[in-house]
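Hi there,

Here is the structure I promised to pass on.

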Amino acid sequence: MKMTRESAVDISYPKQRSLKEIDMEFSPDKKYIVDLHILNTHNAKGCEACHQKFNLGDTAVLACGPWPDGRPRLIHESDAVFDPKTGTYFERKYFSGLKSS
């Protein structure tokens, strides 16, 4: 059988995405199960709150915290508190500091 262009299987690789494009996919009011994609893109530093690496199957959230650039970070759900007034997760220690101020 002769192979033609039309009968060939497309084995092209997916387009590489920037970290900014990946970060834009996350929503501040959702929980995420750590999969290979999250593990490969966000595990260089690990969890910003507890400084532990993420594991497959961990539950993570995008949370505001005491980070110098002011951007939310992906942290373990157990290190976060959800504020229903703002609809946002906060890092637990940071949130308790906000409540006491």
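**What I found**

The protein chain has three helices and five strands. Please keep in mind that this is a predicted model. Read from the N terminus, the elements follow the order α-β-α-β-β-β-β-α. The chain has 101 residues, and 33% of them are buried. Its accessible surface is about 7600 Å², with 56% of that belonging to carbon and sulfur atoms. As for contacts between residues at least 6 apart in sequence, 42% of them join residues at least 24 apart.

**The core**

The largest nonpolar core holds 15 residues, and the ones that touch the most other members are V34, F54, V61, L74 and I75. Two or more residues each come from α2 (36-42), β2 (59-64) and β3 (73-76). With three residues, β2 gives the largest share.

Beyond its neighbours within four places in sequence, V61 is in contact with K30, K31, R73, L74, I75, E77, A80 and Y89. Three of those names, K31, E77 and R73, come back below.

**Salt bridges**

How many salt bridges does a search of the whole structure find? The search gives three.

One of them joins E77 to K31, with the closest N and O atoms 2.8 Å apart. E77 sits in the loop between β3 and β4 (80-83), while K31 is in strand β1 (residues 31-33), so this pair links distant parts of the chain, 46 residues apart. E77 counts as partly exposed because its relative accessibility is 24%, and the cut-off for buried is under 20%.

R73 takes part in the other bridges. Its side chain meets that of E48 in a salt bridge at 3.3 Å, N to O. Because R73 lies in strand β3 and E48 in the loop between α2 and β2, the pair ties together parts that are 25 residues apart in sequence. R73 and E48 are both buried, with R73 at 17% relative accessibility. R73 also forms a salt bridge with D69, where the closest N and O atoms are 2.8 Å apart. D69 is partly exposed, at 44% relative accessibility. Taken together, E48, D69 and R73 are linked in a network of salt bridges.

C50 is in no disulfide either, because a disulfide needs the two sulfur atoms within 2.5 Å. The count of disulfides comes to zero. C47 is buried, at 0% relative accessibility, whereas C50 is partly exposed, at 26%.

**Aromatic rings**

There are three aromatic pairs. In one of them, the ring centres of F90 and Y94 are 6.4 Å apart and the planes are at 25°, so the pair is stacked. F90 is buried, with a relative accessible area of 11%, and Y94 is partly exposed, at 31% relative accessibility. Ring pairs link F90 and Y94 with F95 into a cluster.

Happy browsing, and do write back with any questions.

Best wishes

Definitions and conventions:
Residues are numbered from 1 along each chain as its sequence is written. This is a predicted model: local features need pLDDT of at least 70, side-chain atom pairs count only at pLDDT 80 or more; totals for chains, interfaces and linings use all residues. Side-chain values use heavy atoms; hydrogens and water are left out. A nonpolar core is a set of buried Ala, Val, Leu, Ile, Met, Phe, Trp, Tyr and Cys residues joined through side-chain atoms within 4.5 Å. Buried means under 20% relative accessible area, exposed over 50%, partly exposed in between (1.4 Å probe, protein chains only). Helices (H or I, at least four residues) and strands (E, at least two) are DSSP runs, numbered from the N terminus. Contact means heavy atoms within 4.5 Å. Accessible areas come from the Shrake-Rupley method with a 1.4 Å probe; for residues, only the protein chains shown count as cover. Rings of Phe, Tyr and Trp (its six-membered ring) pair if their centres lie within 6.5 Å; planes under 30 degrees apart count as stacked, over 60 as edge-to-face and the rest as tilted. A salt bridge is a side-chain nitrogen of Lys or Arg within 4 Å of a carboxyl oxygen of Asp or Glu.
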